[in-house]
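Take a look at the model below.

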Amino acid sequence: MKGRKEKELIQKLGQMFEAPPPKGKEAFLRSQRPPKLHLGHLLAVQLTYLPKWVWLLFSGGFLAVLYAGRSLQMDMLWIAGALVPFLVLVSVTESFRSMACGMEELEMAARFSLSGILLARMGILGLGNLAWMLGVAALVEGRLPGNVLFLMAPYLLTDFGCLMVVRRLKGRDGLYACGGVAAAVCCIELTLSANFAWIWEARYLGWWLAAVGVLLFGNLWQGFWAMYKTEEYVWN
């Protein structure tokens, strides 16, 4: 009996102090909706997220290649090919920095997906690297397409190795392993340039084109699986 009376009392109190129907509820909710974001906004935000020292490093590398070629009379293409792996290292580590530092959960809470954020960073840095290589290739004597291919080969090889690493290793171990990949590609580039300079001849341009095509396909494949792994993080 006591429990029934308490329920009846609670019900009567609820009826007596019932809240009035909301006025202008739909209009209020519509006014509180966040504005729609577009791809340009994402790219602009990620561009400001990237540290300034990355662009200073790109500019310093370009000036170093120019100085080595003009003042020291060194082969600019060889020097640029040896620097390209480290530009890739910077791009990969900056793109996956949140995952390496264990902060990817914060980016998962953003309005854009984690894979979209990574693609935006990689796209910005990739365009920066492409502009860097095109600038160097335009300054080096010889045909521009051939020079671009000679620089794209170590670039794609380093990128392929780094993407394989970040798929398998987390945290700073992955960053250190990417550094090892960049150093290995740099050593290969210097060894080929010093002992097998004939491979840069124009008659081998078709082989370079085939190598770049294979590496490009491999990078697309590795990039696909890297993005798929970020989706697994979201579901987990």
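Helix α5 has 20 residues and spans 28 Å from its first C-alpha to its last. That is close to the 28 Å expected at 1.5 Å a residue.

How many of the residues of α5 are buried? The count is 16 of the 20, so α5 is largely enclosed by the rest of the structure.

Serine 91 sits in α5. Its relative accessibility is 7%, so serine 91 counts as buried, the cut-off being under 20%. Where does the side chain of serine 91 reach? It comes to 3.0 Å from the backbone oxygen of leucine 87. An α-helix has 3.6 residues a turn, so residues three or four places apart point the same way. Beyond four places in sequence, serine 91 touches Phe58, Leu125 and Asn129.

Phe58 leads on to tryptophan 132, which also touches it. Leaving out residues up to four places away in sequence, the contacts of tryptophan 132 are Phe58, Gly61, Phe62, Val65, Ala80, Leu83, Val84 and Leu87.

Now step back to the largest nonpolar core. This core holds 43 residues, and Trp132 and Leu151 touch the most other members. Six helices each supply at least two of its residues: α4 (52-70), α5 (76-95), α8 (114-139), α9 (144-168), α10 (171-195) and α11 (205-235). Which helix gives the most? α9 does, with twelve residues. In soluble globular proteins, nonpolar side chains tend to be buried together.

Valine 185 is buried, with a relative accessible area of 6%. Not counting residues up to four places away in sequence, valine 185 touches Pro85, Pro154, Leu157 and Thr158. Valine 185 and glycine 81 are 104 residues apart in sequence, yet their C-alpha atoms are 9.4 Å apart in space.

Last comes confidence. The mean pLDDT of the protein is 76, and 79% of its residues reach 70 or more. Over residues 232-236, pLDDT stays under 50. For that stretch the model has four contacts beyond four places in sequence. Where pLDDT is low, the predicted coordinates should not be read in detail.

How values were computed:
Residues are numbered from 1 along each chain as its sequence is written. This is a predicted model: local features need pLDDT of at least 70, side-chain atom pairs count only at pLDDT 80 or more; totals for chains, interfaces and linings use all residues. Side-chain values use heavy atoms; hydrogens and water are left out. A nonpolar core is a set of buried Ala, Val, Leu, Ile, Met, Phe, Trp, Tyr and Cys residues joined through side-chain atoms within 4.5 Å. Buried means under 20% relative accessible area, exposed over 50%, partly exposed in between (1.4 Å probe, protein chains only). Helices (H or I, at least four residues) and strands (E, at least two) are DSSP runs, numbered from the N terminus. Contact means heavy atoms within 4.5 Å. A polar contact is a pair of N or O atoms within 3.5 Å; within protein, one must be able to donate a hydrogen and the other to accept it, and residues adjacent in sequence count only if both atoms are side-chain atoms. The expected span of a helix is 1.5 Å times one less than its number of residues. pLDDT is the predictor's confidence in each residue, from 0 to 100.
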